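Dear colleague,

Please find below the structure that I am handing over to you, followed by a summary of what was found in it.

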Amino acid sequence: MVAPIAQRPMPQAKQKQVQPRDPRTRILLVDDHAVVRYGIAQLVNREGDLTVCGEEEEASKALGAITSLKPDLVIADISLKDSSGLELMRNIKAQDPKLPVLVVSAHDESIYAEIAFRAGALGYLMKDQALERVIPAIRRVLSGSIYVSDALAAKMLQRQVRGQTDISKSPVSGLSDREMEVFQLIGRWKKTRDIAEELHLSIKTIEYYREQIKKKLNLKSASELTQYATSWVEREEPT
């Protein structure tokens with residue numbers, strides 16, 4: 001009688017060790033100033049439940065980082081190396097409508113905050129207040145609420161409730177969002193072709209916006225427009 005062949009034990013399949021997902025809230029920083037990114041990152045990473053998961057200085061790379069890093073919040077400036085931060089916000093809104101964006105910028109909140117909100121942001125914080133207010137602003141936006149400074153909130157509420165108009169406000173505030181972007185780039189001495197490329201519009205469209213801006217600001221020539229825009233940028237957009 002032939003002895004039965006001993007059966008070898010079947011090798012057990014190696015179990016994949018799944019790394020637990022970091023429970024902290026992930027924040028992507030998009031700013032073309034390394035010092036600003038570093039400062040915000042230091043503040044964020046001190047919080048036990050928050051972490052900076054990535055940093056970018058260009059809008060085009062930021063969209064890719066959102067796909068790969070899957071942040072819970074984006075903090076972005078309005079002026080970026082390769083494009084307008086407003087355009088980035090519109091693209092984020094189209095790509096991931098539920099992803100909240102907090103703007104941290106040196107640009108005047110009285111002019112840019114409402115434009116940023118229309119582009120898709122949930123909060124607006126001036127850089128000179130960032131050290132004190134960035135963490136409360138982050139938490140407010142993550143909760144789904146809108147964040148603005150107390151001063152701007154009071155102005156917006158007054159305008160809404162009483163319907164008051166500030167007589168002394170700058171004529172620039174009457175420009176549309178797209179006109180403001182074109183005006184801003186004119187003030188940086190960008191040529192029509194360069195503006196068209198940066199905003200992904202035709203040269204003819206940019207020329208149309210230039211004419212509309214001149215009419216709204218009561219300017220008669222291209223040189224007057226350039227001079228006005230340059231003066232405004234130097235005053236309102238400190239580097």
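Is Arg178 buried or exposed? At 18% relative accessibility, Arg178 counts as buried (buried means under 20% relative accessible area, exposed over 50% and partly exposed in between, with a 1.4 Å probe and protein chains only). This residue, Arg178, belongs to helix H7, residues 177-186 (helices are DSSP runs of H or I of at least four residues, strands are runs of E of at least two, and both are numbered from the N terminus). Apart from neighbours within four places in sequence, Arg178 is in contact with Glu87, Arg90, Leu199, Leu201 and Tyr209 (contact means heavy atoms within 4.5 Å).

Please note that this is a predicted model, in which local features need pLDDT of at least 70 and side-chain atom pairs count only at pLDDT 80 or more, while totals for chains, interfaces and linings use all residues. Residues are numbered from 1 along each chain as its sequence is written, and side-chain values use heavy atoms, with hydrogens and water left out.

The sheet

Five strands make up an open sheet with parallel pairing, in the order S2-S1-S3-S4-S5 (two strands pair if DSSP finds at least two bridges between them). Strands S2 (50-56) and S5 (123-126) are at the edges with a single partner strand each, so one side of each has no neighbour in the sheet. From one strand to the next, the twist averages 25 degrees (axes are lines fitted to C-alpha atoms, for helices over the stretch in contact, and angles run from 0 to 180 degrees between N-to-C directions).

S1 and S3 run parallel and are joined by four bridges; Ile27 stands opposite Leu73 in S3. Between S3 and S4 there are three bridges, again in the parallel sense, and Ala76 has Val103 in S4 as its bridge partner. The chain passes from S3 through H3 to S4 in a right-handed β-α-β crossover (right-handed means that, with the strands pointing away from the viewer, the path from the first strand over the helix to the second runs clockwise). S4 (residues 101-105) and S5 are parallel and share four bridges, with Leu102 partnered by Gly123 in S5.

In S3, Leu73 and Ile75 point one way and Val74 and Ala76 the other, and all are buried.

The helices on the sheet

Helix H3 (residues 85-95) packs on the sheet and touches S1 (25-30), S3 (73-76) and S4, with its direction at about 175 degrees to that of S4. Helix H5 (residues 130-142) lies across S1, S2, S3, S4 and S5, and runs at about 175 degrees to S5.

Yours sincerely
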